[in-house]
Amino acid sequence: MLRAIIIPAVSMAKEFIVGDEVGWTIRFDYQAWADGKDFHVGDKLVFRYPVGAHNVFKVNGTGFQNCIVPPVTEALTSGNDAITLATPGRNWYICGVGKHCEIGGQKLFITVQPESQAPIIAPSQALSYTSSVNGITTSIYQLVAVVIATAIMV
Ligand SMILES: [Cu+2]
């Protein structure tokens with residue numbers, strides 16, 4: 001008799017430091033940074049910069065293209081601005097200081113994917129006593145599914 005216990009996958013929301021160690025600044029290729037990364041609903045973007053040196057505005061595609069800075073009241077200015085990606089779709093961010101967007105290229109465009117779903121694992125795939133972790137190597141599903149199967153001989 002084979003008995004399998006499947007523990008539902010735990011959603012692993014990720015935190016992305018925009019620009020990694022470089023942070024949020026001018027003369028950095030944020031499209032290259034975003035390239036190859038998978039952003040999902042629930043993940044977080046963190047913009048890091050010295051307070052006062054930069055800021056963060058969420059804009060639309062046109063604002064991104066033309067570096068149109070929204071009203072200053074919409075700015076994030078803490079120097080450690082965390083944005084949780086709430087909905088799937090395209091997101092655009094720019095810096096509103098001076099010509100940082102226009103000349104410095106301080107702008108980021110990402111596409112947010114829907115929240116990852118847990119892979120479904122059939123109990124028959126679990127043999128004997130195994131413990132496996134799935135999903136780490138696939139960047140599509142940033143989920144971890146743990147399957148613990150216990151075989152009991154009666
Ligand atoms: Cu700036």
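1. Strand β4 pairs with strand β6 (residues 80-84) in the antiparallel sense, over 5 bridges. Strands here are DSSP runs of E with at least two residues, helices are runs of H or I with at least four residues, and both are numbered from the N terminus. Two strands pair if DSSP finds at least two bridges between them. Within this pairing, R48 stands opposite N80 in β6.

2. A word on the model. It is predicted: local features need pLDDT of at least 70, side-chain atom pairs count only at pLDDT 80 or more, and totals for chains, interfaces and linings use all residues. Residues are numbered from 1 along each chain as its sequence is written.

3. β2 and β4 run parallel and are joined by 3 bridges. E15 has K44 as its bridge partner in β4.

4. Now the side chains of β4 (residues 44-48). They alternate. L45 and F47 point to one face and are buried. Buried means 20 or more other C-beta atoms within 10 Å of the residue's own; exposed means 12 or fewer; partly exposed lies in between, with C-beta atoms placed from the backbone. In a regular strand the side chains alternate between the two faces of the sheet.

5. W24 deserves a look. It sits in the loop between β2 (15-17) and α1 (30-34). W24 is buried because 28 other C-beta atoms lie within 10 Å. Beyond its neighbours within four places in sequence, W24 is in contact (C-beta atoms, placed from the backbone, within 7 Å) with V18, G19, F47, R48, Y49, H54, V56 and C95. W24 and R48 are 24 residues apart along the chain, yet their C-alpha atoms are separated by 5.5 Å.

6. Turn to the open sheet. It has 4 strands in the order β3-β8-β7-β5, with mixed pairing. β3 (39-40) and β5 (57-59) stand at the edges, each with a single partner strand, so one side of each lacks a neighbour in the sheet. Strands of a sheet pair through backbone hydrogen bonds, either parallel or antiparallel.

7. The pairings, strand by strand. β3 and β8 (residues 107-113) pair in the parallel sense over 2 bridges. β7 and β8 run antiparallel, with 6 bridges. β5 and β7 (residues 89-94) also run antiparallel, joined by 3 bridges.

8. Some individual partners. V112 in β8 is the bridge partner of F39. V112 is also the bridge partner of G89. K58 stands opposite Y93 in β7.

Methods: Two residues are in contact if their C-beta atoms, placed from the backbone, lie within 7 Å.
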